[in-house]
Every structure is written in structure tokens, then in C-alpha cells.
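Take a moment with the sequence and the model.

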Amino acid sequence: MSSKKDQLFSTPIDKLGDWTFDEKVAEVFPDMVKRSVPGYSNIIAMIGMLAERFVQADSKIYDLGCSLGAATLSIRRNISQKNCHIIAVDNSLAMVERCKRHIDSFKANTPVEVVCEDICNIEMKNASMVVLNFTLQFLTTENRQRILNNIYQALNPNGILVLSEKFSFEDSTIDELLFNMHHDFKRANGYSELEISQKRTMLENVMHTDTIETHRQRLSIAGFKHINTWFQCFNFGSIIAIK
């Protein structure tokens, strides 16, 4: 899917409001995520491989906070089981409209339903796979446990949750190092100091990161017994939890 180059923050913005996934962001999102999130393409590819292993026949797959549908498409390409149904959910209308067009441009047997809704309001059931790809960090703290509880209840035995997030670290030396390495990564991908700082300011009030240990505790409280970090690059990573 071709997208415009992300130049949203290349000139000074007078009033930096809070971050929103609006039409402007949706338009440049593939370029933005590739240049801002280390390991993103690996995570998307591996979500497809995990789908091949874990998706069960006659079950549902939920992509919560689907943005433009990259994880959904990766899952759909790798499903070999019969009678599966993917539900892709995002609360940004701009993302959902583009996601529908994106998914419709590829032919496949597994149906995909793209829904514009708050993921906390989605009723889930009979799931063999749920994906939260850089989504939980935008929810309020109390909603984080609630959604994980809901996911655990909705999953069939041996179902899997893939939880990708930006992490923070208790050890301030490590936290600062990985934070700075992520900034180096963005600089290497052509972002200026102005772009980096303006984007960070806009995200400050809407994106709150947790430690890996906090994620593990929440997953454990939800009921998951098998939990591990399967991918990490700097302060970005992905956790799997199996029911």
C-alpha cells in the first residue's frame, strides 16, 4: 500500500494539541510506523506465522486497534483453517475507511469485518487469536486490565494473544539508553529534531507506557499461564500469552 511520506511535523506547529489518529495521520501512517517503530515489519510478519500455528477452524480472530489492517492482512495470508472470521476494530473513522479499501484490494477466502468502534465496547467470543498491536498504550490504565480480562474470557483453550507495545524500564539507566537509541533510530530514518520533539509532545498526554513486568502481571491476573516476550528491539517489543 503506497503512502505519502510523513512530513506532518517538519515545520513548527503553533498549538500542539493531543495526538489523534486523524485523516492526516492515516494518510502517512505506513511511512510513519516504518520509520518510527523499530522491528514493526518483523512483528507483522511473525503475527502471520503465529496465526498459521494458532488459528483454529470455525473460530474468530480479533485485531484490536487495527489501524490500516497490516496485522489483519498478515493473519489472513497465513490462515489455513476453514471457516474463520477476522474482526478488525479501530475507533478512528479515517483509519477504518482506509483499512476497508486496503483489505478489499486483496482477494482471500477468509472474510474480514472492519468495525469503527472503541475496542472496550466490542463483545468477543469463540476467539483463537487476538492481536493488540501498539494499542493498549493508548487506553486508560483501568481499561487495560478490563480489556485483557475480556480477551482471556473470549479465547478458546490454546488461543493466543499477541500484545505489542512501547515499553518503559524500571532501571533508569536502561530506560534512558533505550529511549535514546530509539531516537537515534528515528534520526537514522530521516526525522529531524523538530519532528521528533513535536511528535513526542503530542503523544505525552495520550500514550502511557508500562514495564514488561506490569504487562506480565496484568496478563497473569487476566488468567494467562503462558506469557513471554518473544520480540524486542530497543524499547519496543511484543509479548505472547497463551490460554
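Start with two helices: α5 passes α8 in a right-handed crossing. This is a predicted model. Helix α5 covers residues 141–154, and helix α8 covers residues 212–222. Two packed helices are described by the angle between their axes and by the distance between those axes. For α5 and α8 the angle is about 45°, and the axes lie 8 Å apart. The two helices are therefore oblique to each other.

Which residues of α5 meet α8? They are Thr 141, Arg 144, Gln 145, Leu 148, Asn 149 and Tyr 152. On the α8 side, the partners are Arg 218, Leu 219, Ile 221 and Ala 222. Sorted by class, this contact has five nonpolar, three polar and two charged residues.

Now turn to another pair, α1 and α4. Helix α1 runs over residues 23–36, and helix α4 over residues 93–104. They pack at an angle of about 45°, with their axes 8 Å apart. That makes α1 oblique to α4. The crossing of α1 and α4 is right-handed. From α1 come Glu 23, Val 25, Ala 26, Glu 27 and Phe 29. They meet Ala 94, Met 95 and Arg 98 of α4. The residues of this contact divide into five nonpolar, no polar and three charged.

Is Ser 67 buried or exposed? Its relative accessible area is 11%, so Ser 67 is buried; the cut-off for buried is under 20%. Leaving out residues up to four places away in sequence, Ser 67 touches Phe 29, Asp 90, Met 95 and Cys 99. Phe 29 belongs to α1 and Met 95 to α4, and both take part in the contact of these helices.

Next, look inside. The largest nonpolar core has 34 residues. Ile 47, Ile 61, Ile 75 and Met 129 have the most contacts inside this core. Several elements give two or more residues to the core: α1, α2 (40–54), α3 (70–78), α4, β4 (127–133), β5 (155–166) and β7 (236–242). The largest share, seven residues, comes from α2.

Ile 75 gives a view from within. Setting aside neighbours within four places in sequence, Ile 75 is in contact with Ile 47, Gly 48, Ala 51, Ile 61, Ile 86, Met 129 and Val 131. A second, separate core has 31 residues. Among its members are Ile 122, Met 124, Val 130 and Leu 163.

For a contrast, go to Ala 188. This alanine is in helix α6, which spans residues 172–188. Its relative accessibility is 67%, so Ala 188 counts as exposed; the cut-off for exposed is over 50%. How many residues separate Ala 188 from Arg 35 in sequence? The answer is 153, yet their C-alpha atoms are 8.8 Å apart in space.

Finally, step back to the whole chain. It has eight helices and seven strands. Of its 243 residues, 51% count as buried. Consider contacts between residues at least 6 apart in sequence: 80% of them join residues at least 24 apart.

How values were computed
Residues are numbered from 1 along each chain as its sequence is written. This is a predicted model: local features need pLDDT of at least 70, side-chain atom pairs count only at pLDDT 80 or more; totals for chains, interfaces and linings use all residues. Side-chain values use heavy atoms; hydrogens and water are left out. Axes are lines fitted to C-alpha atoms, for helices over the stretch in contact, and angles run from 0 to 180 degrees between N-to-C directions. Helices (H or I, at least four residues) and strands (E, at least two) are DSSP runs, numbered from the N terminus. Angles under 35 degrees count as roughly parallel, over 145 as roughly antiparallel, 65 to 115 as roughly perpendicular and the rest as oblique. A crossing is left-handed if the near helix is turned anticlockwise from the far one by less than a right angle, and right-handed if clockwise. Contact means heavy atoms within 4.5 Å. Ala, Val, Leu, Ile, Met, Phe, Trp, Tyr, Cys and Pro count as nonpolar, Asp, Glu, Lys and Arg as charged, and the others, Gly among them, as polar. A nonpolar core is a set of buried Ala, Val, Leu, Ile, Met, Phe, Trp, Tyr and Cys residues joined through side-chain atoms within 4.5 Å. Buried means under 20% relative accessible area, exposed over 50%, partly exposed in between (1.4 Å probe, protein chains only).
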